Amino acid sequence: MALSRSANSFINLYNSTKSLFSIRTFSSYNTLILSDCHRFRALISPSAHREIHISHSNRDLMDFFDDKKNWNANEVKVGRSWKLEELRIKSNGDLHKLWFVLLKEKNMLLTMEHTCKEKVRLFPNPERIDKVEESMENLEQVVRERNRAYFQLETGETGERPGKPSVSAFGLNYFHKMSEHIIPKWMNTAWKKKFVFNKPDPYVKTFLSLYREKLWSAKRKEANRQRNHVMQLVKRFPNLDKVALREQYPQVDLEKALQQGKSRGHHGQNTA
């Protein structure tokens with residue numbers, strides 16, 4: 001009712017000022033419109049209208065770059081990433097806003113990293129990208145938790161994209177995510193050519209044996225590399241904390257590495 005009365009008042013106001021349009025010049029047209037708008041806003045109650053709020057607009061590409069005071073800095077003071085416990089207590093609107101803030105920050109950091117590589121300069125605090133990505137992963141996990149809870153309450157299902165563990169044409173295990181198709185499965189020849197599951201092939205066994213051998217060789221080389229690194233550390237720093245060294249390299253047999261000749265340096269502690 002209040003809105004209809006306001007509309008009627010605006011129509012009466014327009015009819016009363018209609019005759020003024022013929023005698024006013026084009027230069028005073030904007031002034032007339034603004035004055036009428038202010039008079040019309042005065043007729044409407046404060047609860048019936050709302051001010052428009054917009055963010056600060058930059059008409060260039062400086063939003064993709066960091067603050068100028070951080071361009072030549074060796075270190076930038078930043079905080080930690082967002083935790084799951086902090087994101088779970090926020091509303092959906094806050095999570096939506098925070099996602100775009102993190103996305104903008106990630107684009108800025110990637111742009112600065114690429115620019116520093118081109119200029120052959122040091123990119124300060126490269127771990128900021130990892131913190132932003134971790135925050136985005138935690139935020140996405142919280143959103144998926146809420147979606148699963150909502151769908152389980154409403155429909156009894158998780159609402160997630162269905163999938164199943166499958167074996168590819170190369171004999172490797174992977175999780176296949178299902179999707180809807182226009183035509184049935186038995187008529188979709190293109191899908192059958194692309195997704196081949198558990199097809200017997202004599203070359204697959206040869207490929208799997210060579211592939212497992214490659215993985216085992218890479219794992220063995222990594223173990224040897226860590227063991228040699230530990231022995232060199234003990235050789236250079238005989239007073240090294242063995243507990244901290246064991247925690248940092250859990251795959252290395254420290255007692256066996258200390259008995260090797262490579263871990264004995266030219267100092268008095270290894271002469272016995």
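Helices here are DSSP runs of H or I with at least four residues, and strands are E runs of at least two, numbered from the N terminus. The model is predicted: local features need pLDDT of at least 70, side-chain atom pairs count only at pLDDT 80 or more, and totals for chains, interfaces and linings use all residues. Residues are numbered from 1 along each chain as its sequence is written, and side-chain values use heavy atoms, with hydrogens and water left out.

- Arginine 128 has a relative accessible area of 7%, so it counts as buried (buried is under 20%, exposed over 50%, partly exposed in between; 1.4 Å probe, protein chains only).
- Its side chain reaches the backbone oxygen of proline 124 at 2.9 Å. This can be read against the polar contact cut-off (a pair of N or O atoms within 3.5 Å; within protein, one must be able to donate a hydrogen and the other to accept it, and residues adjacent in sequence count only if both atoms are side-chain atoms).
- Arginine 128 touches Asp66, Val76, Val78, Leu109 and Phe123, leaving aside residues up to four places away in sequence (contact means heavy atoms within 4.5 Å).

**Helix H5: asparagine 138**

- Asparagine 138 is also found in helix H5.
- Asparagine 138 is buried, at 13% relative accessible area.
- Trp82, Lys83, Leu84 and Leu87 touch asparagine 138, again not counting residues up to four places away in sequence.

**Loop between H4 and H5**

- Valine 120 lies in the loop between helix H4 (92–118) and H5.
- Phi of valine 120 is near 55 degrees, a positive value in a residue other than glycine.
- Valine 120 is exposed, with 74% relative accessible area.
- Asparagine 125 is found in the loop between H4 and H5.
- Asparagine 125 is not a glycine, yet its phi is positive, at about 50 degrees.
- Asparagine 125 counts as buried, at 11% relative accessibility.

**Nonpolar surface patch**

- Phe170, Phe207, Tyr211 and Leu215 make a nonpolar surface patch of about 390 Å².
- Patches are made of residues with over 30% relative accessible area and no salt bridge; like charges are joined within 9 Å, and nonpolar side chains (Val, Leu, Ile, Met, Phe, Trp, Tyr) within 5 Å.
- A salt bridge is a side-chain nitrogen of Lys or Arg within 4 Å of a carboxyl oxygen of Asp or Glu.
- Accessible areas come from the Shrake-Rupley method with a 1.4 Å probe; for residues, only the protein chains shown count as cover.
- Leucine 215 lies in helix H7 (residues 202–236).
- Leucine 215 is partly exposed, with a relative accessible area of 46%.
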